[in-house]
Amino acid sequence: MTKVALALGSNLYRQVSLTHAMLKLRSVLTDMSCSEVYETVPLHAKGPKFYNAVVTGSTELSLEELMTFTKDTEREMGRGDWYDRFGSRLSIRCLDIDVLLYGNVISEQPELPRSDIFKYSFVTVPLASLSPELTPPGCDRNVRSLAEAMSTDNLVPVSWLKLDAIG
């Protein structure tokens, strides 16, 4: 069994999309935990606000199998590229699942640990809530200290949505 951390995001059919993700992930993860859900604004493009969360657990899937599983799950929920009438890319995702950590693997393709852990509070803060003492492979700081150094101004807890209770 390999310990993993996954980031979930959705800004279209947010509750339905994250519920779908949790139900699917329960089929391949054991000892699964989910962080609180946070509402955030899109970073680099126009679009509705996101719901973001992090899931941890253990899997028997290989890294390649896990990557295929997450991409297939995204496609089931209609993952695609969306554009406005001027051709500008919109930040719209029914479902986005990113593998943040896969055991102690360090890799360029896929990128592991995923650099989002070191850049975005909507990834780091939820991860730190689940595994504060976790030190990503190749890093000299645990995720709690990484999260403490980030601004949380963009994070709005969605306290009524409890993904851990799904399934």
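**Stop one: a pocket**

The lining of the second largest pocket is made up of five nonpolar, seven polar and two charged residues. Here Ala, Val, Leu, Ile, Met, Phe, Trp, Tyr, Cys and Pro count as nonpolar, Asp, Glu, Lys and Arg as charged, and the others, Gly among them, as polar. Its volume is about 230 Å³. To find the spot, select Lys3, Val4, Gly57, Ser131 and Leu134, the closest to the pocket's centre of the 14 lining residues. S1 and S4 are the elements that each give two or more residues to that lining. A pocket here is an open set of points on a 1 Å grid over the protein atoms alone, where a 1.4 Å probe fits, with protein on both sides within 12 Å along at least five of seven lines; lining residues have an atom within 4 Å of a point.

Before moving on, a word on the model: it is predicted, local features need pLDDT of at least 70, side-chain atom pairs count only at pLDDT 80 or more, and totals for chains, interfaces and linings use all residues. Residues are numbered from 1 along each chain as its sequence is written, and side-chain values use heavy atoms, with hydrogens and water left out.

**Stop two: helix H1**

Now select residues 14-25, which form H1 (helices are DSSP runs of H or I with at least four residues, strands runs of E with at least two). Which residues of H1 are buried? They are Ser17, Leu18, Ala21, Met22 and Leu25 (buried means under 20% relative accessible area, exposed over 50%, partly exposed in between, with a 1.4 Å probe and protein chains only). Because they cover an arc of only 135° around the axis, they sit on the same side of H1; the arc is taken from the directions from the axis to the C-beta atoms. Show their partners too: S1, S2, S4, H2 and S7, with contact meaning heavy atoms within 4.5 Å.

Go to Tyr13, in the loop between S1 and H1. Its phi is near 50°, positive although it isn't glycine, and the residue is exposed at 59%. Asp31, in S2, also has phi near 50° and is exposed at 65%.

Then jump to the loop between S7 and H3 for Pro110 and Pro113. The Gln109 to Pro110 bond is cis, omega near 0°; Leu112 to Pro113 is cis as well, omega near -10°.

**Last stop: Val156**

Finish in strand S8 with Val156, partly exposed at 42%. Val156 touches Val37, Tyr38 and Glu39, leaving aside residues up to four places away in sequence.

Methods:
Expected span 1.5 Å × (residues − 1). Points joined across faces, edges and corners; volume = space filled by probe spheres on them.
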